Amino acid sequence: MSELVYSYYPGCSLHSSAKEYDISTRLVCQALGIELRELEEWICCGASSAHTASDLLGLALPAYNLKLAEKADLPVVIPCAMCFSRLKFAIAGLKDDATRNQINMVLEEGLAKEVPVESLLKVLDGKSITIPVKKPLTGLKVACYYGCLLVRPMEVANLDDVENPRMMDELVEMLGAESIDWDFKTECCGAGLPLARPDMVLQLSNQILSQAKSYGADCVAVACPMCHSNLDMQQKRMKSEDGEHLDLPILYFTQLIGLALGISAKELALKKHFINPVPMLKDKGLL
Amino acid sequence: MIVDNIVNPTISNELRYEIESRSGQKILSCYQCGKCSAGCRAAFAMDLPPRLIMRSIQIGLEEIVLASNSYWVCLQCQVCSARCPREIDIARVMESLRQRAIEEKAKPPEREVAVFHRIFLKLIKRYGRLYEAGLAAFYNLLSRHFFANLSLLPSMLFKGKLSFRPHKIRGAKKIAIIFEKVKEIESEKASS
C-alpha cells in the first residue's frame, strides 16, 4: 500500500495521441511509490470547445468529474494542462453561489465539498517528493516549455510565476540536466487550432522551437499533450530561417524523470514521438 | 469611477452593455496602453488586435467588431488578461463575443474554427470522451478540407496514436443529459 494515493484523471489525449505521456506518468509514479487510481467513467473536460459555446457547459463537464472524484474521496492528479485548467475553473466557478446552483441543477447531484486538484508537474516537482536519480541527465540542455494554462490565469492555476515559471527548470536541474534561459516559456503554441488554422500553429510553434534551438537546447520539455502535438507532430512541416528542418525532440517531463530513474527508452515509449529523441540521447551518452 | 458614467448620446452603447453584462468586465476602464496587443500571439492573424477590439466597443463601432475574425482566432492563452494594468480580463471579452455570435447563429468569419468546435462538442456529447480520429475525419468533411492532415495518418496509426473506433463510456447517456440541461437552463435565462 502506497502512502501517496491519488485519483488519476488522464483526459482524452492521454488515451490516444499522447499515450506516451500516460505510459511515462504511470511508470514514474509507480517507481516513486505514488499510487494512481484512474477515475472510473471520467468524461471529457470539454477542453476549449465547451466554454467557447457556453460558460455553463464549460463548467458542468469538469464539475461532473469533480463529482466522481468526490465519491472516490482522494485528491486528483492531472497530467494535461488543459484538463487541469478546466477542473480548476470549475472549482473557482463552484465558489460563486449562483453558478454553483446552476451546476448542481445540471448534474442533478450537488457537490458537497472541494476536492483538491493538483497538476502532475506539482506532484512530481521533486520538492514534495524525493526523486532518487540513478542516471543523471548530465550534459543535456533542456528548454522547459510551460505553455499557457499551467500558469494562466494565475488565480485559477495558482502554480508558478505567470511570466517566468521555474518549477520544471528546477526539476530538470535536479535530474542533472541544464535548463536554458529563454523567452518562449509561456508563449502560446497555437493551442487547439492545428486543424482549423494550421498556418497559425506552424508560425507560432516554429518561433518557439527556433529560439529553443538557437539557444542551444537539445530538446524541449513539456507538460501538455496539445503543446506536444503542435511542437512534435507538426514539426516536420516547419523549417528554420535557413530552410532546414528543426529536428528538435519534444519530451514529456515525465519521460525525463523516467530516464533519470533508469527506466528504459522503450518502456518510456520514446519512439512514439514524431521527432525521435533516441539518436540525440545516444549522442549525449544518456542511453 | 467617473469614466463608467460617461454615456455619449451620439454613439451606440448597446454592444458594450451586452458584453459588459456577459463578461463582467468594464470596457470603459481600458485606457488603450496596448499591452494586450503587444503580447497577443494571435494578433498577426486578427482583423483587429485586442486593443482595437476594446476601443471599437468603447466608441460603438459595433458592426466592425462583430464582423472581425479576432474573437474567433483568439487562442484564449490569457496573456492579455494577465498583463492588463487595468485588470480587464480581455480574453473573457473575446470569449463573450464568441458566445454571443454562437447564440445569435451569426455567420462566423472563421468558418473552420466554428466547425471544429461544433464537431468536438458533438463527439463528446455522443461518446463522453473525445474520439480523435472522428474529430479529424468529420472536420475534413464538414470544413471541406478533405485532404487536410492526411499525411500524418500513417505515422499516427503506426505509432498507435489513433484508434478508428470511438471509446464509448458506459455513462455516455448522462453526458447527453448534461448538454440538454445546459441548453434548457440557458434558454430559460435568455427568455427571462
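Predicted model: local features only at pLDDT ≥ 70, side-chain atom pairs only at ≥ 80, totals over all residues.
1. Now for the overall build of chain B. Its C-alpha trace spans about 60 × 40 × 30 Å along the principal axes. The chain has 192 residues, and 39% of them are buried. If you take the contacts in chain B between residues at least 6 apart in sequence, 64% join residues at least 24 apart.

2. How is chain B divided? It splits into domain 1, covering 2–103, and domain 2, covering 111–191. Taken over C-alpha atoms, the centres of these two domains of chain B are separated by 29 Å.

3. Next, look at where the two chains meet. Here 47 residues of chain B are in contact with 43 residues of chain A. On the chain B side, the elements giving two or more residues are α6 (79–83), α7 (90–103), α8 (111–127), α9 (132–143) and α11 (172–191). By class, that side of chain B has 24 nonpolar, 12 polar and 11 charged residues.

4. Two packed helices are described by the angle between their axes and the distance between the axes. For helix α3 (residues 55–72) of chain A and α11(B), the angle is about 145° and the axes are 10 Å apart. The crossing of α3(A) with α11(B) is right-handed.

5. Which residues of α3(A) and α11(B) meet? From α3(A) come Leu56(A), Leu57(A), Ala60(A), Leu61(A) and Tyr64(A). They face Ile178(B), Phe179(B), Val182(B), Ile185(B) and Glu186(B) in α11(B). Sorted by class, the residues of this contact are nine nonpolar, no polar and one charged.

6. Over in chain A you'll find strands too. Four of them make an open sheet with parallel pairing, in the order β2-β1-β3-β4 (chain A).

7. To spot the pairing in the viewer, find Tyr8(A), which stands opposite Val77(A) in β3(A). Helix α4 (residues 81–94) of chain A packs on the sheet, where it touches β3 and β4 of chain A. The direction of α4(A) makes about 150° with that of β4(A).

8. Last stop: strand β7 (residues 219–222) of chain A. What is on each side of β7(A), buried or exposed residues? Both faces are covered: Cys219(A) and Ala221(A) on one side are buried, and so are Val220(A) and Val222(A) on the other.

9. Strand β7(A) has partners to look at as well. Strand β5 (residues 141–144) of chain A pairs with β7(A) in the parallel sense over three bridges, and Val142(A) stands opposite Cys219(A). Strand β8 (residues 250–252) of chain A also pairs with β7(A), in the parallel sense and over three bridges. There, Val220(A) has Ile250(A) in β8(A) as its bridge partner.

Key:
Residues numbered from 1 in each chain as written. Chains lettered and ligands numbered in written order. Contact = placed C-beta atoms within 7 Å. Helix = DSSP H or I, 4+ residues; strand = E, 2+ residues; numbered from the N terminus. Nonpolar A, V, L, I, M, F, W, Y, C, P; charged D, E, K, R; others polar. Buried ≥ 20, exposed ≤ 12 C-beta atoms within 10 Å, placed from the backbone. Pairing = 2+ DSSP bridges. Axes fitted to C-alpha atoms, helices over the stretch in contact; angles between N-to-C directions. Domains from an automatic or database assignment. Left-handed = near helix turned anticlockwise from the far one by under 90°.
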